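Hi,

Here is the structure I said I'd pass on.

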Amino acid sequence: MKAMILAAGKGTRVRPITNIVPKPMIPLLGKPLMESIVEHLRNSGFDQIVVNTSHLAPVIQSYFRDGSQFGVQMAYSFEGLLSAGKLEGEAIGSAGGMKRVQEFSGFFDDTFAVLCGDALVNVDFREAVRFHRERGAVATIILRDVPREEVFRYGVVATDENGRISQFQEKPNVDEAISTRINTGIYLFEPSVFEFIPSSRPFDIGGELFPALVAAGAPIFGVELPFEWVDIGSIPDYWEASRQAVSGRIKGYTLPGREVEPGIHVGINVRWNPSRTTVTGPVVIGGSTSIGDGAVIEGPSVIGAGCVIEPGAVVRECILGDYTRVSAIARLDRVLVFGNECIQPTGEHLGIEEAGISWVVDDARRKTELVGHERELYELVREFAD
Amino acid sequence: MRFEEIRVGSVLVAKVLDGRIAADVAPRFKSKLAEYMVDGNRSIVIDLGSVSFIDSSGLGALVSSLKSMGKDGDLVISSAQGTVATMFKLTRMDKVFRMYDNCDAAVAALS
């Protein structure tokens, strides 16, 4: 079967992480979200996957290449132009992205799946396809019931008793929501859906295609199936998902490395003397990381690959990206460090270079040289702050 | 660099009106704080409520002033929020300075 992963978004709500990696490549315990999606599609019988890309497209394409290392065939539909040596994105919308693929080669020739590249899902596609075909649907949306107070974040759907969709609402007020069943961004379509997507202008699946299908009386259904759904729509989502993952609370999500003590998973080539440090799980420590004597790490924490936790540093409930150096005087508490930014769980962030705090936290590959007042602050903290 | 100065009893509240305290203004920031001390102020609240960014040179100016004040007086911080509060916490300056959520609490503590 064929599938399409939507991976062309800019991921503005997950900045500054998405300044460096596109949203589908955000690592959950070191593994890009989209890798889990590709694996699940493969395990569900999808063997040909086309991916639309735009923002930071090369990061996705150079990781997945032709898909053979993941046991599938993959190809890309780049939405943009190479201009003055730089790739520039072109917004054509999610349905517009599907249409472009179809017009290019007529790729979709049977029931196919479309899903967002930025949510971890393990939906039972075989069951969903059975439902879709039984109903003779042109489109089926995988739905999920959420607490009423969360509906404002999503597209809400009302169905009849057979699952046929009668109404859509985009991000309604809690008081005005027509139901608490929401669109998860996972769809099944028949190729006949392309009759409803115009060629020449940007077109969105949720906001335009589905209302057009309902208006035309086309058979569009929704099915609610039990499945794990970890949506990384924002920094707080990512913060929570990482904590859930490292705590082993995402069903079916494998923790990397070897479990050396209960709740402590460690990659290879790690320099660490457990008897001279205090590490309390759940913690994942990436490969080639060094943890100095006297350091304290409290979970839930994720320490990326190639990190340097200097002797005496304290890391409490943090998510550290690859190659993070935590200085000996640092006491990091509930912070996310990614790509030269210190990010609060709420999303507020501070550029490490801009703020001049490389004496606290830095890229481990950079030679840290303290300028006058930085050395003064460093010495002060070392003397007084405990 | 712009300040709004309010005297409450023996306490001087200096509210920083600039949104950023970075390397370009840090020397001026430091000299202004020095002026306050030369003028005999021994209880100073630096209100950072309008500041949305401070870098390590801004912190350096505050630390130098705190050292100049020594044990004869108080230099405290109020109303740090957002990334400014994060900056104090990350650099552990929240342990070096006495910090208050708002100006009133800082004034009350020094009065």
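This is a predicted model: local features need pLDDT of at least 70, side-chain atom pairs count only at pLDDT 80 or more; totals for chains, interfaces and linings use all residues.

Below is what I found, chain by chain and then at the contact.

Chain A first. Chain A comes out with eight helices and 32 strands. Its radius of gyration is 23 Å, close to the 21 Å that the globule rule gives for 386 residues, so chain A is as compact as a globular protein of that length. Of its 386 residues, 47% count as buried. Taking the contacts in chain A with a separation of 6 or more, 55% are between residues 24 or more positions apart.

There is a sheet in chain A that I'd like you to look at. Four strands make up this open sheet, in the order 19-22-25-28, and the pairing is parallel. Strand 19 (278-280) and strand 28 (331-333) of chain A sit at the edges with a single partner strand each, so one side of each has no neighbour in the sheet. On average, neighbouring strands here are turned by 5 degrees against each other, ignoring direction. To see one of the pairings up close, go to strand 25 (residues 314-316) of chain A, which pairs with strand 28 of chain A in the parallel sense over three bridges. Within that stretch, A:V315 has A:L332 of strand 28 as its bridge partner.

Now chain B. Chain B has five helices and seven strands, and from the N terminus on its elements run β-β-β-α-β-β-α-β-α-α-β-α. A compact globule of 111 residues would have a radius of gyration near 13 Å, and the 12 Å of chain B agrees with that. The C-alpha trace of chain B spans about 30 × 25 × 25 Å along its principal axes. Buried residues account for 45% of the 111 residues in chain B. As for contacts in chain B between residues at least 6 apart in sequence, 77% join residues at least 24 apart.

Finally, where do the two chains meet? The contact draws on 18 residues from chain A and 15 residues from chain B. On the chain B side, the elements that give two or more residues are helix 2 (56-69), helix 3 (82-90) and helix 4 (93-96) of chain B. Sorted by class, that side of chain B has seven polar, five nonpolar and three charged residues.

Cheers

How values were computed. Residues are numbered from 1 along each chain as its sequence is written. Chains are lettered from A and ligands numbered from 1 in the order in which they are written. Two residues are in contact if their C-beta atoms, placed from the backbone, lie within 7 Å. Ala, Val, Leu, Ile, Met, Phe, Trp, Tyr, Cys and Pro count as nonpolar, Asp, Glu, Lys and Arg as charged, and the others, Gly among them, as polar. The radius of gyration is taken over C-alpha atoms; the globule rule is 2.2 Å times the number of residues to the power 0.38. A residue is buried if 20 or more other C-beta atoms lie within 10 Å of its own, exposed if 12 or fewer, and partly exposed in between; C-beta atoms are placed from the backbone. Two strands pair if DSSP finds at least two bridges between them. Axes are lines fitted to C-alpha atoms, for helices over the stretch in contact, and angles run from 0 to 180 degrees between N-to-C directions.
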